Amino acid sequence: MIYRNTQSNQRPQIVRLESLPDGSANVWLTRDIREDDGGWLYDAGFFNAADVTEAEITADLDGWWAYAEAWERSSAQPTIEERVADMEAAVLALLGG
């Protein structure tokens, strides 16, 4: 997933991994970092991955950026119908039915 013209008051890291309890990591990449009126503007790439290190990503930033672009297109979100069905099942389970 790519976010264009992201803003921050701090200079962003080129690669940032956020470890998750399931062992995977949220990965943030930044490109085109530029100063703008006392803050920072940049493009950010995001994806979730397992078994990846900062060193691996840093060694192939262009390849991982392409992966982040593709991840946006391949990460299907559940439909409203699927979400409602999941919530109904959870409520029934809580009620013992």
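**Close-up views of a predicted model**

**View 1. Asp 43 and Arg 4 are joined by a polar contact of 3.4 Å between their side chains.** The model shown here and in the other views is predicted. The Asp 43 and Arg 4 side chains also meet in a salt bridge, with 3.4 Å from N to O. Arg 4 belongs to strand β1 (residues 2-8) and Asp 43 to strand β4, so this pair ties together parts that are 39 residues apart in sequence. Strand β4 spans residues 39-50. Is Asp 43 buried or exposed? Asp 43 counts as buried because its relative accessibility is 12%, and the cut-off for buried is under 20%.

**View 2. Asp 32 has a positive phi and takes part in a salt bridge.** Asp 32 is in strand β3, which covers residues 24-36. Its phi is near 50 degrees, a positive value in a residue other than glycine. Most residues other than glycine have a negative phi. The salt bridge of Asp 32 is with Arg 34, and the closest N and O atoms are 3.1 Å apart. Both partners are partly exposed: the relative accessible area is 48% for Asp 32 and 24% for Arg 34.

**View 3. Asp 51 is a loop residue with a positive phi.** Asp 51 is placed in the loop between β4 and α1 (54-59). What is the phi of Asp 51? The angle is near 55 degrees, a positive value in a residue other than glycine. Asp 51 has a relative accessible area of 74% and is therefore exposed, the cut-off for exposed being over 50%.

**View 4. Val 27 is a buried residue of strand β3.** The relative accessible area of Val 27 is 0%. Not counting residues up to four places away in sequence, Val 27 touches Arg 16, Leu 17, Gly 45, Phe 46, Phe 47, Val 52 and Ile 57. By contrast, Glu 88 lies 32 Å from Val 27, C-alpha to C-alpha, at a separation of 61 residues in sequence.

**View 5. Arg 16 and Glu 18 form a salt bridge.** The closest N and O atoms of this pair are 2.5 Å apart. Arg 16 is partly exposed at 34% relative accessibility, and Glu 18 is also partly exposed, with a relative accessible area of 29%. Arg 16 is among the residues that Val 27 touches. How many salt bridges are counted? The count comes to four, including Arg 16 with Glu 18.

**View 6. Val 91, Leu 94 and Leu 95 make up a nonpolar patch on the surface.** Together these residues have about 370 Å² of accessible area. Leu 94 lies in helix α3, residues 80-94. Its relative accessible area is 76%, so Leu 94 is exposed.

Key. Residues are numbered from 1 along each chain as its sequence is written. This is a predicted model: local features need pLDDT of at least 70, side-chain atom pairs count only at pLDDT 80 or more; totals for chains, interfaces and linings use all residues. Side-chain values use heavy atoms; hydrogens and water are left out. Helices (H or I, at least four residues) and strands (E, at least two) are DSSP runs, numbered from the N terminus. Buried means under 20% relative accessible area, exposed over 50%, partly exposed in between (1.4 Å probe, protein chains only). A polar contact is a pair of N or O atoms within 3.5 Å; within protein, one must be able to donate a hydrogen and the other to accept it, and residues adjacent in sequence count only if both atoms are side-chain atoms. Patches are made of residues with over 30% relative accessible area and no salt bridge: like charges are joined within 9 Å, nonpolar side chains (Val, Leu, Ile, Met, Phe, Trp, Tyr) within 5 Å. Accessible areas come from the Shrake-Rupley method with a 1.4 Å probe; for residues, only the protein chains shown count as cover. Contact means heavy atoms within 4.5 Å.
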